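The sequence and structure are shown below.

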Amino acid sequence: MRYQTTTGLAADQIQELVARIWQIIQCHENQAWPPTVGLYRAVVITLVYVRQNLNQAAVGDLFGVSQSTVSRIYRGILPLIGQALCLHIPNLKEAIRGRLVLVDGTDVPTGNRAGHEDNFSGKRRRAGLNIQVAADTEGGLLGISAPLPGSMHDRKAFAECDWEDLLAETSVIGAPAYRGTHTITPRKKPQGGELSAGDKVNNKFISSLRSAVERCIAHIKNWKMIATGYRGRLSELPNIIRIITSLEFYRLGW
């Protein structure tokens, strides 16, 4: 059976991932998933759940298991995926070497939650976490920052995640939200005036380059757990974003 569309990974990548997890669990005393489900099937169930963000009962129906079994599999297997793929997340400084870098921010929607009002973004009109994404001019992923409160402006998030200092000596193109940083941004129309013909050409060129990072974000958001609304514990979301980052780099062959 082909799983690439529903899991995000090719068959050989899933097999390699399962083999790595098998090596990891050899030193574990207790099995992390229900014994009635094999390791390969448990990994596929976890990938489908993360990739499609279906409710657990629906995933259980697809694989002929109960909702509680899906929950146990997910909680047992996801950390093992993180361990198996942790080395696939490159150091950003190494990944950007010799490249023109494109940056943009996006949100991971979480829904409104009591005690987390600082996650509400007035710009996006919903609650979530802000992540910064770096890509090359071909739309290839270079890095995803640690998540920050969704109410934080991209300009501040760029500094708070330390990317402003890290990319200080690198050519970076960003959206107008990054004005005030060293990034190259579109020229702002002067108050009561018009942009020159040269500025209009430059702005169009910058916008055409920036489309690559938007494509990159769209590919990341194919992991729908961070695109269509995260329903789990907020305290676990930063680690889930890190694991999804490793899955995306693994999918891309890093």
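Arginine 97 counts as exposed, with a relative accessibility of 59%; here buried means under 20% relative accessible area, exposed over 50%, and partly exposed in between (1.4 Å probe, protein chains only). The model is predicted: local features need pLDDT of at least 70, side-chain atom pairs count only at pLDDT 80 or more, and totals for chains, interfaces and linings use all residues. Residues are numbered from 1 along each chain as its sequence is written, and side-chain values use heavy atoms, with hydrogens and water left out.

A salt bridge is a side-chain nitrogen of Lys or Arg within 4 Å of a carboxyl oxygen of Asp or Glu. The whole structure contains 13 salt bridges, including the following.

| Pair | Closest N to O |
|---|---|
| Arginine 20 and glutamate 16 | 3.0 Å |
| Aspartate 107 and arginine 126 | 2.8 Å |

Aspartate 107 is buried at 5%, while arginine 126 is partly exposed at 36%. Shared partners also join Arg75, Arg233 and Glu236 into one network of salt bridges.

With a disulfide defined as a pair of cysteine sulfur atoms within 2.5 Å, the count is zero. The sulfur of cysteine 216 lies 15 Å from the closest cysteine sulfur, in cysteine 161, which is too far for a bond. Cysteine 216 is buried, at 2% relative accessibility, and cysteine 161 is buried at 15%.
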